[in-house]
Amino acid sequence: KLQFLYLIGWGTPAPGARLPTYITHTLTMGKLYFYYSAMNAGKSTTLLQSAHNYHERGMRTLLFCPDFDTRADGGGEGAPATAHIHSRLGLTRRAVLFDRNFDFHAFVEKELAAEGPAVPQAAQKGLLQIRQPDPADPAADGPLRCLLVDEAHFLTKAQVAQLMMVTKFLRGGGDAGLAVLCYGLRTDFLGEPFEGSKYLMAWAEEMVEIKTVCGCGAKATMNVRCEETADPATGEPTLRAVAAGAQICIGGNDTYVSTCARHFEENVGSIGRAAKGRGEGADETATECP
């Protein structure tokens, strides 16, 4: 909770005058969270589980994912385009697409305006009831309480700032603050931070690591991009690490391998090059794989 103190009668009090009066008003504020991990750690699964938890309590969520998601489908004329967030376990949920010009604060303001007057929390019914969300429309009748952003490392600096402003200055159902949960990677395939990740690490009020493991059994913190090639000795297909290219290259287990820092360096070598002042980042202007 955050307390706002309003000062009445600002100025230098005269001798013997009463001290200024303070009025205290307590509001429940939302928070900006960043859940980060290496590739294939279950970020989307965790996101969808979090959304389900809100829906079970009759509260509405908004889910977002990047616009270059190839599973997008049209949202109709005048409506935001939509896609589906998928997890490797088979869970799926519709989401709003965002691009680099998308304004999260403006979008959420419109959603709240369309929702109508907030219902006081004490007046909400069924507070202790667990409900089974409708898969087609999980919580259409509930108040908006949470935003969940998948692939949040693709956010811009401005968009991370917009999400922070949502948590502090927009009010959801029952005059409660809105929570914003962002899920993404810390670094790209060369160990460089994404723009969104950099500012989420700087500004998020809570950060949670979703852990996964390297093939050696150590904790995986890095992402190796792979491409198929022929083994020079046998001619058999094999994978090798990619050490240059576009920063954005959508893929899953067939494209990326999560590794510990040691095996990342052995395969990619970008940290060692940076240590010698020869590090080069990925091509941030390219948006497709080579």
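**Close-up views of a predicted model**

**View 1. Arg-225 stands opposite Tyr-256 in β12.** The model shown here is predicted. Strand β10 covers residues 222-230, and strand β12 covers residues 256-259. These two strands pair in the antiparallel sense. Four bridges join them. In a regular strand, side chains alternate between the two faces of the sheet.

**View 2. β10 also pairs with strand β11.** Strand β11 is made of residues 237-241. Its pairing with β10 is antiparallel and runs over five bridges. Within this pair, Glu-227 is found opposite Arg-240 of β11. β10 and β11 form a hairpin, with six residues between the strands. In that hairpin, Gly-235 has a positive phi near 80 degrees.

**View 3. Helix α3 spans residues 157-169.** The helix has 13 residues. At 1.5 Å a residue it should span 18 Å.

**View 4. Residues of α3 are buried and pack against other elements.** Which residues of α3 are buried? They are Gln-159, Val-160, Gln-162, Leu-163, Met-164, Val-166, Thr-167 and Lys-168.

**View 5. Cys-182 is in no disulfide.** A disulfide is a covalent bond between the sulfur atoms of two cysteines. How many disulfides does the structure hold? The count is zero. For Cys-182, the nearest cysteine sulfur belongs to Cys-146, 9.6 Å away. Is Cys-182 buried or exposed? Its relative accessibility is 0%, so Cys-182 counts as buried.

**View 6. Cys-226 is a buried residue of β10.** Its relative accessible area is 14%. The cut-off for buried is under 20%, so Cys-226 falls on the buried side.

**View 7. The whole chain sets the close-ups in context.** The chain has six helices and twelve strands. It counts 290 residues, and 41% of them are buried. Take the contacts between residues at least 6 apart in sequence: 74% join residues at least 24 apart. The chain exposes about 16200 Å². Carbon and sulfur atoms supply 53% of that area.

Technical notes
Residues numbered from 1 in each chain as written. Predicted model: local features only at pLDDT ≥ 70, side-chain atom pairs only at ≥ 80, totals over all residues. Heavy atoms only, no water. Pairing = 2+ DSSP bridges. Buried < 20%, exposed > 50% of the residue type's maximum accessible area, 1.4 Å probe, protein only. Contact = heavy atoms within 4.5 Å. Areas by Shrake-Rupley, 256 points an atom, 1.4 Å probe, with all protein chains shown as cover. Expected span 1.5 Å × (residues − 1). Disulfide = S-S within 2.5 Å.
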